[in-house]
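Reader: I'm new to looking at protein models, and I'd like a close look at a single part of this one. Could you pick one residue and walk me through its surroundings?

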Amino acid sequence: MVGLNQLEVLIAVVESGGFSGAAKKLYMSQPSVSNHIRNLENSLGVQLVERTTQGARSTPAGEVVVEHARQIFAMLGSLERAVARFQGPTAGRLVVAGTTTLGTYLLPRLIAEFSKRAPQVHCQIRVGNEDAVEAWVVRGEVALGLGVDTPREERLTAEPLFEEGLVLVAAADSPLAGRTLRPEDLAGQRFLMREMGSATRRQQEAALRTWGLEGADTWDLWGPDTLKEAVHAGLGVAVLSEHMTARERAAGTLAELTVDPPPPIRTVSLVRRADRALTPPEEAFAAQLRAMGAWPV
């Protein structure tokens, strides 16, 4: 018998391009992921996933199953939303997503505030880069997302909420700290960059263009915490969110470098599908976001 957990694992394997990526995404062990796929293949009597030197990909039969699985989850989501209208804003389920920075450093605080007003609502936070958040919202897996880029998918709308600054940070003992720098003062520095698909990565590249440093030495690292640790270790400098680096700068473990012109300002937006009706908990959380006006102190 085909189970929903097996279908969820199959989708994760295909989207992640491998078993290890799916295990990380689902917080499961890799052997458990393999067992789910094996049991699903045994239930259906066909091979669904094939391993290649580039990872894992779906077979033709697997593509059919994945498509049907997505339709099943979309129908279940529609069912949950329909029933949620009878539960009111203080019960039901709320699933929100945020880019790596916003999902890690902002959404937990917002959900904590929301949960005080609606303690019976079961909340879930998904965190991924900008591309992942857009994909979740487009597929209907998540109703509300927080991002900092204009959505590239036509079905998505972005409602501006507030602005956030970016800062250039270096190790605490950097000789560049404590004075105003011109772009030419940064020549020869190694810039630590977020992974491709990240909105922060695109803004980091925009900062380098503004400073005329497109040819600078750059290293790609995955995730904002990795970048902070790498900067702290003296591997280079990085353009990062002012809020995700606030504690380290206040503690003196990272130094903010003053550059003229400064890094860009970006707009935090509420991303959603215009054609998707919100449940009462989703409406209540969206109203909370609209009332913010700024990153909470």
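Author: Let's go to Leu106, which sits in the loop between α5 (100-105) and α6 (107-117). Helices here are DSSP runs of H or I with at least four residues, strands are E runs of at least two, and both are numbered from the N terminus. Before going on, some ground rules: this is a predicted model, where local features need pLDDT of at least 70 and side-chain atom pairs count only at pLDDT 80 or more, while totals for chains, interfaces and linings use all residues. Residues are numbered from 1 along each chain as its sequence is written, and side-chain values use heavy atoms, with hydrogens and water left out.

So, is Leu106 buried or exposed? Leu106 counts as buried because its relative accessibility is 0%. The cut-offs are under 20% relative accessible area for buried, over 50% for exposed, and partly exposed in between, using a 1.4 Å probe and protein chains only.

Now for the neighbours. Leaving aside residues up to four places away in sequence, Leu106 touches Thr101, Leu146, Phe162, Met292, Trp295 and Pro296. A contact means heavy atoms within 4.5 Å. Take Trp295 from that list: Leu106 and Trp295 are 189 residues apart in sequence, yet 7.9 Å apart in space, C-alpha to C-alpha. Across the chain, if you take contacts between residues at least 6 apart in sequence, 73% of them join residues at least 24 apart.

Let's zoom out a bit. The chain has eleven helices and twelve strands, and its C-alpha atoms fill a box of roughly 65 × 50 × 35 Å along the principal axes. Of its 297 residues, 45% are buried.

Another spot with buried residues is helix α7 (residues 130-139), where Glu130, Val133, Glu134, Trp136, Val137 and Val138 are the buried ones. Here's a handy rule: an α-helix has 3.6 residues a turn, so residues three or four places apart point the same way. Just after α7 comes Gly140, with a positive phi of about 80°.

Leu4 counts as partly exposed because its relative accessibility is 43%.
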